[in-house]
Amino acid sequence: MALDRFGRKIHYLRISLTDHCNLRCIYCMPEDMTFRPNSEMLQDDEILLLARLFADLGFDKIRLTGGEPTVRANIVEIVRGIAATPGINSISMTTNGVLLAKLAGPLAAAGLERVNVSLDTLDPAKFKRMTRWGKLEDVWKGILAAEQAGLTPLKLNAVVVRGYNEEDTLDLVRLTLDHPWQVRFIEMMPFAGATAIQVQQRVTGAEIQAHIEQALGPMEVANGGELDGEARMLHVPGAKGQVGFISSVSVPFCSSCTRARLTADGLLRTCLLREHEINLLKPLRAGATLEDLRKLLLDAIWEKPWGHGLAEGEIPMNRVMSEIGG
Ligand code: SAM
Ligand code: SF4
């Protein structure tokens, strides 16, 4: 079992499968983003080997992310390999949904259980403005395909940016009236690449909730008040779905964090919002034994930081969000 020095059992791994993306969301990366060469990235066999190693250490839950995980070559085969890894009993993906219309069926057949699809607005023009390159219609088709393929419960992630989509939160919440979906509002976190927007145009979860309740009336606590992962859950009375708030900046959930992240270039990051990383790919390619890697991992996890330092003004600037894996 992988424990940190604060007694937290770390068992949830987020793997960034690629730093590439077919969109350029304004809060994630610059439009002229440059990417690392493929040779510096984890190859398919290396991903599967590391997944087995993490599983041996008690990791039972994996989320595939990026960048955009669906643009990775062999994505279906990678999912199949991870799903077949002994010890892994939950495998999900965070995706922008653009390619899901085509891929939802094959991914579900390969063993993927659930998807979180990013959707910040239901207005096609605003969607284009926020993603720079995206067509809302593609994502909507992807969402319906995911539901049809049984990649449920379906969660929709919305990042709220002042001046872009505060008003659109209402239509997103209205989706939960008739669909058993979870719409989750994520507070913008600061990284390199889009720091000014991330800091200056952040809208807090409390502000979003107040805006929603002013228009639609008070929401009720859902899930018996239990967090769903990191999300505080509410629902509009009578709605089929739920509304979640992930307020990592204004209400950090660090004390209950059970996560580690593997970057697309093979570095272990034990806190999303801290720069410290441990290189796993280098020793792997230099011939380290599984036992060496196991020790490296356990030591790194033991040293997982207590929490992020945003309140003290510490912003991680060594990577953009898409390189770490959101
Ligand atoms: N490309 C996929 C997607 O967009 O769903 C997966 C990777 S993306 C980095 C993962 C999640 O992080 C998405 O829901 C995205 O909206 C969110 N995200 C991106 N930049 C963020 C930021 N600065 N603060 C908070 N969330 C962010
Ligand atoms: Fe791509 Fe996801 Fe970042 Fe948007 S949030 S640019 S879809 S990686």
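How far is a polar side-chain atom of Glu-68 from a nitrogen atom of ligand 1?

Mentor: That separation is 3.0 Å, and it passes as a polar contact, meaning a pair of N or O atoms within 3.5 Å (within protein, one must be able to donate a hydrogen and the other to accept it, and residues adjacent in sequence count only if both atoms are side-chain atoms). Some ground rules: this is a predicted model, where local features need pLDDT of at least 70 and side-chain atom pairs count only at pLDDT 80 or more, while totals for chains, interfaces and linings use all residues. Residues are numbered from 1 along each chain as its sequence is written, chains are lettered from A and ligands numbered from 1 in the order in which they are written, and side-chain values use heavy atoms, with hydrogens and water left out.

Back to the site. Ser-118 puts a side-chain N or O atom 2.6 Å from an oxygen atom of ligand 1, and a polar backbone atom of Tyr-27 sits 3.2 Å from a nitrogen atom of the ligand. On its own, ligand 1 would expose 540 Å², and the protein buries 95% of that (areas by the Shrake-Rupley method with a 1.4 Å probe; for residues, only the protein chains shown count as cover).

The shell around ligand 1 has 19 residues, the closest being Gly-67, Glu-68, Thr-95, Ser-118 and Met-189; a residue gets in if one of its heavy atoms lies within 4 Å. By type, the shell splits into seven nonpolar, 10 polar and two charged residues. Here Ala, Val, Leu, Ile, Met, Phe, Trp, Tyr, Cys and Pro are nonpolar, Asp, Glu, Lys and Arg are charged, and the others, Gly among them, are polar. Strand 3 (90-95) and strand 5 (155-159) each give at least two residues to the shell; strands (E, at least two residues) and helices (H or I, at least four) are DSSP runs numbered from the N terminus.

Gly-67 also turns up around ligand 2, together with Cys-21, Leu-23, Arg-24, Cys-25, Cys-28, Met-29, Asn-96 and Ser-322. That shell divides into five nonpolar, three polar and one charged.

Now strand 6 (residues 182-186), which holds Ile-186. Ile-186 counts as buried because its relative accessibility is 16% (buried is under 20%, exposed over 50%, partly exposed in between, with a 1.4 Å probe and protein chains only). Leaving out residues up to four places away in sequence, Ile-186 touches Asn-157, Ala-158, Val-159, Val-160 and Ile-246, where contact means heavy atoms within 4.5 Å. From Ile-186 to Asp-120 is 66 residues in sequence and 9.8 Å C-alpha to C-alpha.

Aromatic pairs come next: the structure holds four. Rings of Phe, Tyr and Trp (its six-membered ring) pair if their centres lie within 6.5 Å, with planes under 30 degrees apart stacked, over 60 edge-to-face and the rest tilted. Phe-6 and Trp-306 are edge-to-face, because their centres are 5.2 Å apart and their planes at 70 degrees. Phe-6 is partly exposed at 38%, and Trp-306 is partly exposed at 45%. Phe-185 and Phe-245 make a tilted pair, 5.8 Å centre to centre with 35 degrees between the planes. Phe-185 is in strand 6 and Phe-245 in strand 9 (residues 242-246), so this pair links parts 60 residues apart in sequence. Phe-185 is buried at 1%, and Phe-245 is buried with a relative accessible area of 1%.
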